[in-house]
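Hi,

Here is the structure I promised to pass on. Have a look at it first, and then read on for what turned up.

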Amino acid sequence: TNNNININTVNKGHKELQDIIDCIQYFKIQDNDFIVKMTGRYFLHKDSNFIYELKNNVTKYDAIIRYGSCFFNPKNIKRNNDDCCTGLIGMTCHYIKLIKPTSETHPIEKDWAKITHLMNKNRICHLHYLGIDICPLNKKYYSI
């Protein structure tokens, strides 16, 4: 897409979401199809829990997610379902299309997490450990 150039926002998450929406439309992705979004500068572990769930149990889920902010020390954060890590996330197309960014300054991660409140809790795979090295805000890499 050309969203990095054409969308006038400093919120990269809004551009990423629009990229996904544009791909859904262009490739005619169906509502029940499962979409995985991964930030390109992150590193996926060979033994990633996320990939294990994706390969073995994806039909059971509408979301594979790690709740809680990724911008703080991952060992000390309080995990709640009002925030999530979008560095690696999976969700059925239907729910992704329902995500609406709240505002320019509101973290898009909270909008992704909020959509899961519409899902049957038994269809959400909440992983404490994704199996990915992340580098939020272009600082030091660490594993979550």
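A quick word on terms before we start: a residue is called buried under 20% relative accessible area, exposed over 50%, and partly exposed in between, with a 1.4 Å probe and protein chains only. Please keep in mind that this is a predicted model, where local features need pLDDT of at least 70, side-chain atom pairs count only at pLDDT 80 or more, and totals for chains, interfaces and linings use all residues. Residues are numbered from 1 along each chain as its sequence is written, and side-chain values use heavy atoms, with hydrogens and water left out.

**The overall picture**

The chain has five helices and seven strands. Both kinds of element are DSSP runs numbered from the N terminus: helices are H or I with at least four residues, strands are E with at least two. Read from the N terminus, the order is α-α-β-β-α-β-β-α-α-β-β-β. The radius of gyration is 15 Å, close to the 15 Å that the globule rule gives for 144 residues, so the chain is as compact as a globular protein of that length. (That radius is taken over C-alpha atoms, and the rule is 2.2 Å times the number of residues to the power 0.38.) Along the principal axes, the C-alpha atoms fill a box of roughly 35 × 35 × 25 Å.

Of the 144 residues, 44% count as buried. The chain exposes about 8,600 Å², and carbon and sulfur atoms supply 52% of that; the areas come from the Shrake-Rupley method with a 1.4 Å probe, and for residues only the protein chains shown count as cover. As for contacts (heavy atoms within 4.5 Å), take those between residues at least 6 apart in sequence: 68% of them join residues at least 24 apart.

**The sheet**

Three strands form an open, antiparallel sheet in the order β2-β6-β7. Strands count as paired if DSSP finds at least two bridges between them. The edges are β2 (43-44) and β7 (142-143), each of which pairs on one side only. Two bridges join β6 (residues 132-134) to β7, and I134 has Y142 in β7 as its bridge partner.

**Salt bridges**

How many salt bridges does a search of the whole structure find? It finds three, taking a salt bridge as a side-chain nitrogen of Lys or Arg within 4 Å of a carboxyl oxygen of Asp or Glu.

- K37 pairs with E16, with the closest N and O atoms 3.3 Å apart. K37 sits in strand β1 (residues 34-38) and E16 in helix α2 (residues 12-26), so the pair ties together parts that are 21 residues apart in sequence. K37 is buried at 9% relative accessible area, while E16 is partly exposed at 29%.
- K97 meets D31 at 2.5 Å, N to O. K97 is in the loop between α4 (93-96) and α5 (108-115) and D31 in the loop between α2 and β1, so this pair ties together parts 66 residues apart in sequence. K97 is partly exposed at 33%, and D31 is partly exposed at 32%.
- D62 meets R123 at 3.0 Å, N to O. D62 is in the loop between α3 (49-57) and β3, and R123 in the loop between α5 and β5 (124-126), 61 residues apart. D62 is buried at 11%, whereas R123 is partly exposed at 28%.

**Aromatic pairs**

There are two of these in the whole structure. Rings of Phe, Tyr and Trp (its six-membered ring) pair if their centres lie within 6.5 Å; planes under 30 degrees apart are stacked, over 60 edge-to-face, and the rest tilted.

Y26 and F27 have ring centres 4.9 Å apart and planes at 85 degrees, so that pair is edge-to-face. Y26 and F27 are both exposed. F43 and Y141 make a tilted pair, 5.3 Å centre to centre with 50 degrees between the planes. F43 belongs to strand β2 and Y141 to the loop between β6 and β7, 98 residues apart. F43 is partly exposed at 48%, and Y141 is partly exposed at 35%.

**And D83**

D83 lies in the loop between β3 (63-65) and β4 (88-92). Is D83 buried or exposed? It is buried, with a relative accessible area of 14%. Leaving aside neighbours within four places in sequence, D83 is in contact with R66, Y67, G68, S69, E109, K110 and A113.

Cheers
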